[in-house]
Amino acid sequence: TIMLMLKGEGSHEDSMGNKGTLKAGDCQWMTAASGIEHNEGTGHPGGEMHGFQCWLNLPKKHKMDPPAYSDISAASIPSMEVSPGVKVHVIAGECGGLNAVVQPVVPVQYLRF
């Protein structure tokens with residue numbers, strides 16, 4: 001599961017002891033695989049919150065891999081200007097020679113413009 005926060009903030013925690021707060025521009029990667037419980041329904045300060053959540057289906061051979069989790073701050077997401085006034089943030093995969101911080105086992109390109 002990939003959560004990209006665009007506006008606002010929200011807290012999250014899981015059964016492995018990971019917890020944190022996503023703010024605008026931050027990203028969260030969670031691989032459920034063999035099992036993880038996740039809660040992102042508490043700790044919201046109120047106000048507007050907008051984001052995208054994308055679920056990737058793991059290949060059969062990875063379904064029972066150990067669960068994994070990482071928070072990626074907006075500042076550490078690679079980005080570049082691809083044309084005047086147009087900036088790309090590389091969430092997964094590669095774009096223009098920039099590689100994302102996290103490379104999932106499923107080949108995917110996830111970009112934010």
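This is a predicted model: local features need pLDDT of at least 70, side-chain atom pairs count only at pLDDT 80 or more; totals for chains, interfaces and linings use all residues.
Author: Residues are numbered from 1 along each chain as its sequence is written, and side-chain values use heavy atoms, with hydrogens and water left out.

Reader: Why is Cys27 called buried?

Author: Buried means under 20% relative accessible area, exposed means over 50%, and partly exposed is in between (1.4 Å probe, protein chains only). Cys27 has a relative accessible area of 1%, so it is buried. Cys27 belongs to strand 4, a strand being a DSSP run of E with at least two residues, numbered from the N terminus.

Reader: What makes a patch out of Val82, Val86 and Phe113?

Author: A patch takes residues with over 30% relative accessible area and no salt bridge, with nonpolar side chains (Val, Leu, Ile, Met, Phe, Trp, Tyr) joined within 5 Å and like charges within 9 Å. Together Val82, Val86 and Phe113 make a nonpolar surface patch of about 270 Å², with accessible areas coming from the Shrake-Rupley method with a 1.4 Å probe and, for residues, only the protein chains shown counting as cover.

Reader: How do you know that Lys7 forms a salt bridge with Glu48?

Author: The label needs a side-chain nitrogen of Lys or Arg within 4 Å of a carboxyl oxygen of Asp or Glu. For Lys7 and Glu48 the closest N and O atoms are 3.2 Å apart, and that is within 4 Å, so the pair is a salt bridge. The pair links distant parts of the chain, with Lys7 in strand 1 (residues 2-7) and Glu48 in the loop between strand 5 (38-39) and strand 6 (50-54), 41 residues apart. The structure holds one salt bridge.

Reader: Is Lys7 buried or exposed, or in between?

Author: In between: Lys7 has a relative accessible area of 39%, so it counts as partly exposed.

Reader: What makes the phi of Ala33 worth a look?

Author: Most residues other than glycine have a negative phi. Ala33 has a positive phi of about 40 degrees although it is not a glycine. Ala33 lies in the loop between strand 4 and strand 5, and its relative accessible area of 22% makes it partly exposed.

Reader: What makes something a pocket here, and how much space lies in the largest pocket?

Author: On a 1 Å grid over the protein atoms alone, a pocket is an open set of points with protein on both sides within 12 Å along at least five of seven lines, whereas in a cavity a 1.4 Å probe fits but cannot get out. About 380 Å³ of space lies in the largest pocket, the volume being the space filled by probe spheres set on the points.

Reader: Which residues line the largest pocket?

Author: There are 22 lining residues, and Thr1, Met30, Thr31, Ala32 and Leu58 lie nearest the centre of the pocket; to count, a residue has an atom within 4 Å of a point. Strand 4 (27-31) and strand 7 (68-72) each supply at least two residues of that lining.

Reader: How does the lining of the largest pocket split by class?

Author: It has 15 nonpolar, five polar and two charged residues. Here Ala, Val, Leu, Ile, Met, Phe, Trp, Tyr, Cys and Pro count as nonpolar, Asp, Glu, Lys and Arg as charged, and the others, Gly among them, as polar.

Conventions. Helices (H or I, at least four residues) and strands (E, at least two) are DSSP runs, numbered from the N terminus.
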